[in-house]
Amino acid sequence: MSLMPLARIATAVATLAALLAGAQPAVAHAAEQDGDVQMPAMFGNQRIDLAGDWRGARVCSVWRAQSHVECFADQAQADRRAATLRGTLSEAQLLASCSTPLRLFQDADRKGRMLQYFDRGYWQNIPLDFNDQMSSYQTGSCTSHLAEHSGGGGYWYPGYTGPNYIEYWVGATWDNRVSSIKND
């Protein structure tokens, strides 16, 4: 029986320690080519650049039931719009979405600008102008996955991403690193 190289032993020990601590280790994944929908971001009747000036918007909803990323001045407006939109969806559309969204925040402690995702079942690339800007998140009613590259490629965030969870800061290793998400 051959001995494992020291690097493999160290990796195995670190993985075991993370599992015993309740965390899931980051694992590299191949990118899936599904659901790369780059829609324009709209705040009222104005198109906005998510990397630049949001023109008073603080929350943007990404939902396949819409033809664009829809932005709002505050969370209450976004919640009212989501309730209205949910009332117009077919049963199939409702089943393909989470009842409450995954929320990605630009800053730690759920502060700063926010994108929220309702759709489930496929990888969604974060709009290029908000890519790699997430520092904290709040999962909704679905389990979510956060990946470092588009289409779920690269490493997946190793922290807990089950339903109804808040991560106030993803840590230095994952700060401003997420490029795609998937709600199950």
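This is a predicted model: local features need pLDDT of at least 70, side-chain atom pairs count only at pLDDT 80 or more; totals for chains, interfaces and linings use all residues.

I started with pairing: β6 and β7 run antiparallel and share 6 bridges. For the terms, strands (E, at least two residues) and helices (H or I, at least four) are DSSP runs numbered from the N terminus, and two strands pair if DSSP finds at least two bridges between them.

Residues are numbered from 1 along each chain as its sequence is written, and side-chain values use heavy atoms, with hydrogens and water left out.

Between the strands sit 3 residues, and Asp109 takes a positive phi near 60°.

Next I checked the other partner, β9 (residues 136-138), which runs antiparallel to β6 with 3 bridges. Leu104 stands opposite Tyr137 there.

Is β6 enclosed or open? I see 8 of its 11 residues buried, so β6 is largely enclosed by the rest of the structure. Buried means under 20% relative accessible area (1.4 Å probe, protein chains only).

Last, I looked up the largest nonpolar core, which has 25 residues; Leu104 is among those touching the most other members, along with Ile48, Leu50, Cys71 and Leu146. Such a core is a set of buried Ala, Val, Leu, Ile, Met, Phe, Trp, Tyr and Cys residues joined through side-chain atoms within 4.5 Å.

Notes
Buried means under 20% relative accessible area, exposed over 50%, partly exposed in between (1.4 Å probe, protein chains only).
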